[in-house]
Amino acid sequence: MAHNERFEELVAQRALGLALPAEESGELAVHLEGCETCEVLLADLRETAAALSVAAAPVAPRPELRRRILASLMEAAAVPARRPPVAPWLFAAAAALLVAIVGLDDARLRREREDLRSRTADLSGRLSSAEQDLARRELRARVMESDDVRLLFLGGKAPQPEARGKVFWSQKARRGVLVAGNLSALPAGKQYELWVFAKGKPVPAGVFDVDISGRAIFESPNLSKIAAAENFAVTVEPQGGVPAPTGPIVLVGSPS
C-alpha cells in the first residue's frame, strides 16, 4: 500500500497504545511490512511516548511546526468520517508527540553542535600549542647556534646547593636560554625568576616552573634594553615575578 497521511495517523494511534478497528489494524499491519517510513515513525513515536512518561518540561514547537499541525488537524476534521470519530484528546496527544519529537531532535542537534564546537576548539588549541612549541624550538636553535652565543654556568646556592644550570646567551638575538636541573618544586604562589645583570644591576628576564624531576628549559623574552649581559641568577619569587629580586638566590653564575 502506498504511504499517505492516513497511515501516519494510524501509526500515531498505535504508538499511543490505542486499539484500532480490526479492518484498520489489519491494513496497518500489511502496510508496515512494506513501508519503511511508517516503521521508522512507529519506532520513533513509541520511543518518544516512553520518554514522555519520565520527560522533563515540555518544549515549545517552532511556529511553522505549530501551523503545520493545526492545518493537518483541521483537514482531518473536514474529511467525512470513515470510521468512528477519534476523541479530541487523541489529536492533542499526537500533536504533543510531534512536538516532543521536534524538541528531542533540537536537543540532540544542540548537543551535536556543542560537541563539534568543543572538538574544534580542542583541535585549534592543540594546533596552537604545537605551533608555539615549534616556535620555541626554532628560537632555542637560533640562540644556541648563533655565531655569538656565550655559555655561562650557574651553580646552586643555599637553600638549593645541588641545583645546576647553564645559560646560552646571544647578544645579537638579545635572548638567553636557561637549562637547569636539580631545582626543588615550589609551593603554590611561587615561581623561579631569571635575572640578567647589566652594569651591575639585575634585570628581570621572565619566570618559569620546573617539571616533576626538577628540570626546566626556559627561553627569555627579547631583552633589547640589555647592552651586554654580565651575569645571570635565579631567585624564588611570587608567582608572575617582581621587578627587583626579593627571594633567595638558588642559582648564580659568571661569564666563562
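Modeller: Strands are DSSP runs of E with at least two residues, and helices are runs of H or I with at least four, both numbered from the N terminus. Two strands pair if DSSP finds at least two bridges between them. This is a predicted model, in which local features need pLDDT of at least 70 and side-chain atom pairs count only at pLDDT 80 or more, while totals for chains, interfaces and linings use all residues. Residues are numbered from 1 along each chain as its sequence is written, and side-chain values use heavy atoms, with hydrogens and water left out.

The part I take is strand 3, residues 175–181. Its setting is a chain with five helices and eight strands, in the order α-α-α-α-α-β-β-β-β-β-β-β-β along the sequence.

Strand 3 has antiparallel pairings with strand 2 (residues 164–170), over seven bridges, and with strand 6 (residues 216–219), over four. On the strand 6 side, A180 has A216 as its bridge partner.

As for cover, five of the seven residues of strand 3 are buried, so the rest of the structure largely encloses this strand. Buried means under 20% relative accessible area, exposed over 50%, and partly exposed in between, with a 1.4 Å probe and protein chains only. Across the chain, 31% of the 256 residues count as buried.

In soluble globular proteins, nonpolar side chains tend to be buried together. A nonpolar core here is a set of buried Ala, Val, Leu, Ile, Met, Phe, Trp, Tyr and Cys residues joined through side-chain atoms within 4.5 Å. The largest such core has 24 residues, and W169, L178, L183, L194, F208, F232 and V234 touch the most other members. Strand 3 is among the elements that give two or more residues to this core, as are strand 2 and strand 6. Strand 4 (190–198) is also one of these elements, and strand 4 gives the most, with four residues.

F208 shows the packing in detail. Leaving aside neighbours within four places in sequence, F208 is in contact (heavy atoms within 4.5 Å) with L178, L183, Q191, Y192, E193, L194, A216, F218 and V234. A second, separate core of 12 residues includes F7, V11, A12 and L32.
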